[in-house]
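Please examine the sequence and the structure shown here.

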Amino acid sequence: FKAWDDGAGPLTRLDVMSMNSGSGPGPETRSHGWLWVYGLLWRADSDFRCELKIPDTVLFEQGEPTRWLFTSKEGVVMKRRGQRTTIAQIREHFTKLAAADPMNVNGYVAVVRRRGENGAMGQGAAMQAHVFDGERLAAVLRDGTDLTGIASVQAYVHAKGGTATRFRCEVVVDRAGRAAARVSKLVYMGSHSTRARPFVPPAALSAGETDPADAMPVYVLKSNMSKVNDEVRTATTRLARYLERQGRCAVVRLTADFILDSKDELWLTGVEEAVTAAASRLRAPRSRSASVGGGSAGGGVGGDGSLGGLRPSTQLL
């Protein structure tokens, strides 16, 4: 499992499109959004659990909270019972979690993701994410409020590097089963000289407060934190293997975002994109490609072309 060369440049859809016979997205691959991934993180009909840290996340359908996901003490993703998934419980629990973090000096409580244009939330639909403090969250999550525009509410995790700093891992598997990964650091930096007020990350503003300048100071930097990079790649690989098992597919591209908190714990906060194919559509690689440097079999892509054989270990460079 290879790490991207430093000069590889940005990933493009060509990495996936090359798998199709045509120039556009063919029937061999399918693009999924954030909600598809979170819909698979826990399934009642499966005993297989995802070993991953996620902030408490509540999914909404037609304005109602329908699924509350969290990480158990055993480190696996679980779902709260339906009777505990209420607006009042969300407000109370998320506020309690936020108050327990002394580094959260701004009092942020939750990240609220809104549905895309015209309420879209399909497989590729974009969602707008906004950080709410306790007062704003209480104003939104209350009885009688129209919540049909909300896709999810996620507990706020304060990043060690400052608000909105996160790590992004991009993994691409080609048709021959060769996989490569890269970790970047996404940060908000600087302040626009044309604005009188200090810079605030766009995610911390409501839709009505956002101006075009807020979207500009977003930087994708090379991450030089080797230990964190290893942890991020390991977590992304674990997520990919889980999605393959639960979705009965082969992951050919996965872009996942993580936050490192003040206790150096890594949290999956979202998935930018997941592209899958039928497992049989990917060729199994030669044994030389099974692991870094042509090592042991089972350290690379599975016999069906999936990531099933990958082991989260020091093989992830």
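The points below are grouped by topic, after a note on the basis of the model.

This is a predicted model, in which local features need pLDDT of at least 70, side-chain atom pairs count only at pLDDT 80 or more, and totals for chains, interfaces and linings use all residues. Residues are numbered from 1 along each chain as its sequence is written, and side-chain values use heavy atoms, with hydrogens and water left out.

**Helix α3**

- Helix α3 comprises 13 residues, 87-99; helices (H or I, at least four residues) and strands (E, at least two) are DSSP runs, numbered from the N terminus.
- From first to last C-alpha, α3 reaches 18 Å, close to the expected 18 Å, where the expected span is 1.5 Å times one less than the number of residues.
- Ile87, Ile90, Phe94 and Ala98 of α3 are buried (under 20% relative accessible area, with exposed over 50% and partly exposed in between; 1.4 Å probe, protein chains only).
- Viewed down the axis of α3, these buried residues fall within an arc of 55°, so they line one face of the helix; the arc is that of the directions from the helix axis to the C-beta atoms.
- Glu92, Lys96 and Ala99, on the other side of α3, are exposed.
- The strands against which the buried residues of α3 pack are β3 (57-61), β4 (64-71), β6 (108-114) and β8 (150-155).

**The loop between β12 and β13**

- Asp261 belongs to the loop between β12 (250-260) and β13 (266-277).
- Although buried, Asp261 has no salt bridge (a side-chain nitrogen of Lys or Arg within 4 Å of a carboxyl oxygen of Asp or Glu).
- The nearest side chain of opposite charge to Asp261 is that of Lys263, 6.6 Å away; Lys and Arg count as positive and Asp and Glu as negative, while His and the chain ends are not counted.
- A polar atom of the Asp261 side chain lies 2.9 Å from the backbone nitrogen of Lys263.
- Neighbours within four places in sequence aside, Asp261 is in contact (heavy atoms within 4.5 Å) with Val157, His158, Lys160 and Trp267.
- Asp264 is also placed in the loop between β12 and β13, and is partly exposed at 43% relative accessible area.

**Positive phi angles**

- Asp264 is not a glycine, yet has a positive phi of about 65°.
- Gln62, likewise not a glycine, has a positive phi of about 50°.
- Gln62 is in the loop between β3 and β4 and counts as exposed at 74% relative accessibility.

**Asn229 in helix α5**

- Asn229 is found in α5 (residues 226-247) and counts as buried at 7% relative accessibility.
- Apart from neighbours within four places in sequence, Asn229 is in contact with Val183, Ser223 and Asn224.

How values were computed: A polar contact is a pair of N or O atoms within 3.5 Å; within protein, one must be able to donate a hydrogen and the other to accept it, and residues adjacent in sequence count only if both atoms are side-chain atoms.
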